[in-house]
Every structure is written in structure tokens, then in C-alpha cells.
Amino acid sequence: MTEQSKTKPESLAGQMSDFSPKLSPMLVKELRQGTRTNMFSIAFILLHSFMILCLLVAMSNPTSDDSSAFFWFIITVILLFVQPLRGFSALSSEYQMNTMDLIQMTQLNGWRITLGKWTALNAQGMLFITGVLPYIVMRYFLGNIDIVMDLVGLLLVGIGSAFATAITVGCSVFQNIILRGTIVIALGIAFTSLFTIVTSQVFGRGAIGADQWFNIGILVVACIYGCFFFLSFGASRISPLAENHATRKRLVAIAAGLICALFLYSSVDESTIIIVCGIILGMSCIDAITEPLPIFSRVLLPFSKNPITQLQALYLSPGWISGLGFFLVCSSLFFGIFVAANFITGSNLIEDREDAVALISGFNLFVLPLIFIHLFLPKETAARFAFPIYVGVQAVIIGVTIMVAAIANAVGRWEDLIYTLLPFPSVLLFAYGDHSISKPHYLFIALGTTLLCLIVPLLRNRKSVGEFFTHLKPRS
């Protein structure tokens, strides 16, 4: 036997038992470790055990809906809660084990690290989904099952699982477990509420019609952008300041908002489209205005070529300074979508002064914490912990709003004075629900506080702003 014939079986076996070298090393690492964990094994065994139990119940009583409800309950719990929670410490564990610096010494950048962890978790989720498919087929042959609705439902659960996993992986960049848990819980509640509303609209009308397909379409667009946003959020926070992740994030946010705006020509309710566009643009604005300031000489060099690129740097370059410009761009885009909804659908979404005050207060709601961050905190603290402080300030503002609302309801005759002395945007939005902001001075208050939120941080950091524009000048 020749030497070549001896090595062929070994190389073939090695190729069959190992991953392709074209795959990301982070993906291979996470897949190998993830499939060997006890949590994955227990969840996989429990899934099949409960699926078999559901089939036995369905065989004993085919007309009962209890087995179907239990069937989807188990799938939802495992794919939307158990599986995403495995990404809760995906990035923070690398810091705890002091392996993040070692990973960054390789050719893997921040995006490839977060994408590899997210892809590995979703590849394991695909094992759960493919394991469920035979049970869906068997339920179809037992009768009283719409297999098309079941497959669409499984697709939506899979997309929701990918989105929920992206949330946990992106938020795992924070090493503080309290901050990480608070953000994940808040986003989880919002995600669960939105997912419940959408699925009830899609599956609450029997067979899937054109209206439901359009609803599914805008849901898919929103989930795809959500996955990209949270993965990019985590990647930008673990990458060096010299890397530019902001341009791609902000361009994708604008594109996603425009794609969702195209659904105005469909049968989707215009209020749903406006809410989805507001969430997409709002999340991207929060990320932009809390970004740390980068190394200007490195990231602004591509923007200093000509006047067009210099203009683009005002809203596409990294850092919260250009994030304020991006906020103005997103506000203009959202207002344009608002006007387009009025024109295309024939509805009148802005009827009087109160609606205008509410719209401006909605914009101001995103930038109000910047006053407290940049006015009352040291510059170093504000630059390093901008996002955690932003979340804390927003939580305090929500608490103050609840107290102000309770006081205003208790002393009804002084509510106008209370709303004027505490013109927080959340307070004005609450007053809008009670139709208490019809007076002209509320419009000037909303405009004035919004301008202050933009001007105060720039004045407070005049040196950084001057450095920003200095590096934008073309070099001879």
C-alpha cells in the first residue's frame, strides 16, 4: 500500500468530522462549546419529550385544542426564552475570563466576534426547529391541523428567536450584570408585547390573507434590522475607538426606515408603520448620541476629502457629536414619513397644535438625558459611561413623570402650572393624553427644550467640537 493511499482515508475522515476552514473561527469555537453544554442537551431532550407527549394527547383526542396550545407553548418557551438567554453572557464572559484581548489579537474584528457568537446560537436554534418539523407533519396527518399556518408560525418563532438572541448577545457587552439584566428585561417585555400583538393580528383571522402577509413582511424587516442593530451595538462597544462602525449602522437604519415606509402603499395600518419606523430610527439615534468620541485623526480622514464627504461626516462619522447631526437627519426623515402617511393614506395625523407639541416632545424624549449627562457630570465620566448613564437618567425621568402625573391628577386646577414648570417631554406626552397642552406656550416650550438638549452638550464640549472640525479640514 502506497503512502498516498494510506493518507487518503485519514484526510477524508478529518474533513467529515471537522468544520470547513472557510467558517469563522469564532463560529466554530462557539458551536463546539455550545452543543456540549448541559443547558443545550437538557433543552433538546425536554423538547422531544414534550413533543411526544403532545402527539399522544392529540391521538387520544384529535378534536381538542389543548394539545395544540401546549405544543406551541413549549416551542415558544424554548426558542424565545431559553435559547436567547444563553447569549446573556456571551461577550461579558470573555472579559471575565480575560480572553477578549487574546481574541482581538487575531484577525477577528468586533463585528465578526459578535456575529460568530450570534450565528452559533442560532445554528443551535435551527436544530430545535428542524427537530420540531417531523412532529408538525405527524400532527397534520392526525387531522384538524392547518400545516401552512403551523409552518408560518414556526417561521415567525424562528425569526423572533434570532431577534431575541441578538438582543441578549448585543447587551452582553456590559460587564455590570445589573445593567445588563435591566436592559434585557425591559427589551424582553417590549419584544414579548410586540410579538404577541403581531401574532394575534396574523393568526387571529383564520387563513392567511394579503393583509397578514404584509404584516408579516414589515415584522420581518423590523426583526432583520433589530438583529443587525444589536449585533453592531455590541461590536462597536468591544472594538477599538479607531474602528468606524457608525457609518454602516446609521446608513442601514436610514435604509430600514425607508423600506418600512414603502409599506404605506400596502394594506398595513399607517399607525403600525409609523410606530415601527419610530422604533427603528429611535434605537439608532440612542446608539448614535451615546457613542464615545473616537480618535478623530483616524476615523475622520476618509471624510476630509471633499465638501460632500465633510458634510456626510456631520451625521455619519463615529461619536456623539455627529450623533446629534444624525438625530436631526432621523427626525427629518420621520417627519417626512409622517407627512407621507397623511398624503398617501388620506388620514389627518396632525390636526391641531396639541399634535405638533406631542410630535416635537417625542423627538425631545430621546435627547433630554444629554443635558444631565454633559452638564452635571465630569467629561471623562460622561465620555466613558454615556450609555449606562443615559439608561439611568431615562429611568429617573420616567419615575419623575409618574409622580408629576399623580400630582397633576390630584390637584387638577394647578395642572397647567405643573406642566409648565416641569416641561419634560414625557410629562408633555402624558398631558397630551389628557388634552391639556392646547395653549400656545407649550409649543414654544417643546421647541426650546429640544434646542437646549442639542446646544448644551456642544457648548459644554467646545474643545472636542473644535477638534472634530479641525480634523475635517482637507490636508494639503
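Q: In this predicted model, which side chain makes a polar contact with the side chain of Arg86?
A: Let's start in the loop between α4 and α5 (92–96), where Arg86 lies. From there, the Arg86 side chain makes a polar contact at 2.3 Å, and the partner is the side chain of Gln124.

Q: Is Arg86 buried or exposed?
A: The relative accessible area of Arg86 is 17%. Buried means under 20%, so Arg86 counts as buried.

Q: Where does α4 bend?
A: Helix α4 covers residues 66–85, which makes 20 residues. From first C-alpha to last it reaches 27 Å, close to the 28 Å expected. Among its buried residues are Ile74, Ile75, Ile78 and Leu79. The helix bends by about 30°, and the place is Ile78.

Q: Is Ile407 buried, partly exposed or exposed?
A: You can find Ile407 in helix α19, residues 386–410. Its relative accessibility is 48%.

Q: How far apart in space are Leu447 and Val357, C-alpha to C-alpha?
A: Leu447 sits in helix α22 (residues 441–460) and is partly exposed, with a relative accessible area of 40%. In sequence, Leu447 and Val357 are 90 residues apart. In space, their C-alpha to C-alpha distance is 8.3 Å.

Definitions and conventions
Residues numbered from 1 in each chain as written. Predicted model: local features only at pLDDT ≥ 70, side-chain atom pairs only at ≥ 80, totals over all residues. Heavy atoms only, no water. Helix = DSSP H or I, 4+ residues; strand = E, 2+ residues; numbered from the N terminus. Expected span 1.5 Å × (residues − 1). Bend = angle between axes of the 7 residues up to and from the residue. Buried < 20%, exposed > 50% of the residue type's maximum accessible area, 1.4 Å probe, protein only. Polar contact = N/O pair within 3.5 Å; in protein donor to acceptor, adjacent residues only side chain to side chain.
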